[in-house]
Amino acid sequence: MKTVTGDLLELARSGAFDVIVHGCNCFHTMGAGIARPVSALFPEALQADKATPYGERAKLGTISAALIKRGDISFHVVNAYTQFEYRGPGSKVDYSAVQSCFEAIAARFPDARIGYPMIGAGLAGGDWRKISSSIDAALKGCDHTLVVLP
């Protein structure tokens, strides 16, 4: 896993990635964390999320994606359903869902430059060591980069 410091969304808008990934819950709620600016800057991603069933646990471990075109730059935003709920105490991340989401990303976008934040380790309260290990295993052989804020 490569790591860079920067703003994932700005890097995507500048053409640094073909695919960016962020973690989502299963209730069409993009009101906090990186999901809030994703939905504001790329409403196509929110539309893709809303095209999936609302509040179904079966969404865990799946993805939806939206093609974003801004001028001569295009990339996909992947909504990775890595947590069921977004409220309440305790960790919200589902570790097996993270693994399944990134396996789906590797299968769908094998030749893409993939960027992502510390999915599941912020508001979802997950253990980044465990999450990053799953991501590395799922994206083995892919060009993928963790983007951390300065």
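**Labels and their grounds**

Colleague: Why is A48 called buried?

Modeller: A48 has a relative accessible area of 14%. Buried means under 20%, exposed over 50% and partly exposed in between, with a 1.4 Å probe and protein chains only. A48 is therefore buried. The model is a predicted one, in which local features need pLDDT of at least 70 and side-chain atom pairs count only at pLDDT 80 or more, while totals for chains, interfaces and linings use all residues. Residues are numbered from 1 along each chain as its sequence is written, and side-chain values use heavy atoms, with hydrogens and water left out.

Colleague: Where is A48, and which residues does A48 touch beyond four places in sequence?

Modeller: A48 sits in helix α3 (helices are DSSP runs of H or I with at least four residues, strands are runs of E with at least two, both numbered from the N terminus). Apart from residues up to four places away in sequence, A48 touches S64, A65, A66 and N79, contact meaning heavy atoms within 4.5 Å.

Colleague: What makes F42 and F75 an edge-to-face pair?

Modeller: A pair of aromatic rings is described by the distance of the centres and the angle of the planes. Rings of Phe, Tyr and Trp (its six-membered ring) pair if their centres lie within 6.5 Å; planes under 30 degrees apart are stacked, over 60 edge-to-face, and the rest tilted. F42 and F75 are 5.3 Å apart, centre to centre, with 85° between the planes, so by these cut-offs the pair is edge-to-face. F42 is in the loop between α2 (35–41) and α3 (43–50) and F75 in strand β4 (residues 73–81), so the pair ties together parts 33 residues apart in sequence. Both residues are buried.

Colleague: What about F102 and Y116: which values describe that pair?

Modeller: The ring centres of F102 and Y116 are 5.6 Å apart and the planes make 75°, which is again edge-to-face. F102 belongs to helix α4 (residues 95–108) and Y116 to strand β5 (residues 113–116), 14 residues apart. F102 and Y116 are both buried. The whole structure holds four aromatic pairs, and ring pairs also link F27, Y54 and F84 into a cluster.

Colleague: How do you know that Y116 is buried?

Modeller: Its relative accessible area is 0%, so Y116 passes the cut-off. Y116 touches, among others, M1, L8, V21, F102, W128 and H144, leaving out residues up to four places away in sequence. Y116 and H144 lie 28 residues apart in sequence and 8.0 Å apart in space, C-alpha to C-alpha.

Colleague: Is H144 buried or exposed?

Modeller: H144 is buried, because its relative accessible area is 6%. H144 is part of strand β6 (residues 143–148). Its contacts beyond four places in sequence are M1, K2, I114, Y116, I135, D136 and L139.

Colleague: And H28, buried or exposed?

Modeller: At 17% relative accessibility, H28 counts as buried. H28 is in the loop between β2 (19–24) and α2. Its phi is near 55°, a positive value in a residue other than glycine.

Colleague: Why is L149 called exposed?

Modeller: L149 has a relative accessible area of 66%, so L149 is exposed. L149 lies in the segment after β6 and is in contact with T5, G6 and D7, aside from its neighbours within four places in sequence. Its C-alpha atom is 25 Å from that of P89, 60 residues away along the chain.

Colleague: What makes the radius of gyration agree with a compact globule?

Modeller: The rule is 2.2 Å times the number of residues to the power 0.38, with the radius taken over C-alpha atoms. For 150 residues, a compact globule would have a radius near 15 Å, and the chain has 14 Å, so the two agree. The C-alpha atoms fill a box of roughly 40 × 30 × 30 Å along the principal axes. Of the 150 residues, 46% count as buried.

Colleague: Which elements make up the chain, and in what order?

Modeller: The chain has five helices and six strands, running β-α-β-α-α-β-β-α-β-α-β from the N terminus on. Among contacts with a separation of 6 or more, 68% join residues 24 or more positions apart.
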